[in-house]
Amino acid sequence: LIGATGAIIKFLRLTFLRPIERFLAQVISISTDPAAFVRERIRLGDTTNFLRSAGFFVSAISTAFLAEVATLYRLGIGNLTEPYYWAFILLTSIPFVLLSFLSVRFVAPLSFKDVLHLSFHPIGAGVFVGAAFAWWHRLLLDRWLMSAISQTSDLILASGVKSNRTSLCLSEFCLTASKTKA
Amino acid sequence: VLKRVLSDCLKNESLGFTVLASGFQEAYTNLRPPVDDLSYLRPVITVLYLFIAARFFAAAVERRKPLVFGMVLLAALITTGTNYLSLIAYGRWKIEHSSCAEEKQLATLGLNRAAESALKEMARGVQAGVKDNEVYDVSVGAEGHTLSYTDRF
């Protein structure tokens, strides 16, 4: 039984955690030292390397999709059928890739595939970092609002009320704290 | 309320407008400050990473690195500006040419939305006034134009 559990944990680690770890390492590397990342990881003209960068971009877009679904659900705003931020990113990235290709062609011999290859990583990392920051900002805000509600609830209890239910609503998104005097 | 109603109507009418609203993080702007600041965060960070894209291109070429960097940065500036202006223009055009903007329909939708909102508020008030009972739990909620009163034994 112990052996089977160990095998399952190893399988999960290799299947899920390792790719996430690799993805995060790439995002950090792209954000902190892009030149070194290009030197070490990008090989223009290599199809496998190109597909890897496309995979990185798809992973980043998927993260933005998940973050958007989670935020819409948590805040109770918008519909869960409308997380189209990924489509917006794709559509608005097309002119950048095309114009970069056209302008760089005058000064350096980069093919369209090379331009696409070089664009996948920074655009993907930007999408991921944006989603991560928005998520972090929302978590902080949740904690801050909950602590404000809790303090208000304590003040009401201190005024002699036996129990109270305090809510704070931002549009249709409400946080509630219920407290009863011991 | 009318702004929100118009936006919801346009989203139901057109997928293009839904994508546009999603890109401009419209969901967050329905919230009150400071939570609505969140709407700027993702697009601004994504655009800032185009600077890193320029560094990527510069690092990938053998010669004329500063020139390549400048070209890609210029491409990023032009496309960001063009994207922004054309999307704003599309949004305005969509609002002007949509049946949602007609005064009568907008007023009806606005009234519907106000009624739904008032019903939700009423449900919250009724729920807050419900006393604890050992035999059953009472939950009051509002869904669209319906006020539901549920007893769970």
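Because the model is predicted, local features need pLDDT of at least 70 and side-chain atom pairs count only at pLDDT 80 or more, while totals for chains, interfaces and linings use all residues. Residues are numbered from 1 along each chain as its sequence is written, chains are lettered from A and ligands numbered from 1 in the order in which they are written, and side-chain values use heavy atoms, with hydrogens and water left out.

Between them, chain A and chain B bury about 4600 Å², of which 75% is on carbon and sulfur atoms; buried area here is the accessible area (1.4 Å probe) that two parts lose on being put together, summed over both. In chain A, the residues that lose the most area to chain B are A:Y85, A:F96 and A:V107, which together account for 15% of what that side buries. The contact (heavy atoms within 4.5 Å) takes 58 residues from chain A and 44 residues from chain B.

Across this interface there are six residue pairs in polar contact, both residues being at pLDDT 80 or more; a polar contact is a pair of N or O atoms within 3.5 Å, where within protein one must be able to donate a hydrogen and the other to accept it, and residues adjacent in sequence count only if both atoms are side-chain atoms. The side of chain A that touches chain B draws at least two residues from each of α1, α2 (34-41), α3 (47-75), α4 (85-104), α5 (112-158), β1 (163-170) and β2 (173-180) of chain A, and α5(A) gives the most to that side, with 17 residues. Helices (H or I, at least four residues) and strands (E, at least two) are DSSP runs, numbered from the N terminus.

B:T46 counts as buried because its relative accessibility is 12%, where buried means under 20% relative accessible area, exposed over 50% and partly exposed in between (1.4 Å probe, protein chains only). Leaving aside residues up to four places away in sequence, B:T46 touches A:Y85, A:I89, A:G126 and A:V127, and its side chain is joined to that of A:Y85 by a polar contact of 3.5 Å. Within chain B, a polar atom of the side chain of B:T46 lies 2.8 Å from the backbone oxygen of B:R42.

Where do charged side chains pair? A search of the whole structure finds one salt bridge over all chains, defined as a side-chain nitrogen of Lys or Arg within 4 Å of a carboxyl oxygen of Asp or Glu. A:D46 forms a salt bridge with A:R43, their closest N and O atoms being 3.5 Å apart, whereas the count between chain A and chain B is zero. A:D46 is partly exposed, with a relative accessible area of 26%, and A:R43 is likewise partly exposed, at 42%.
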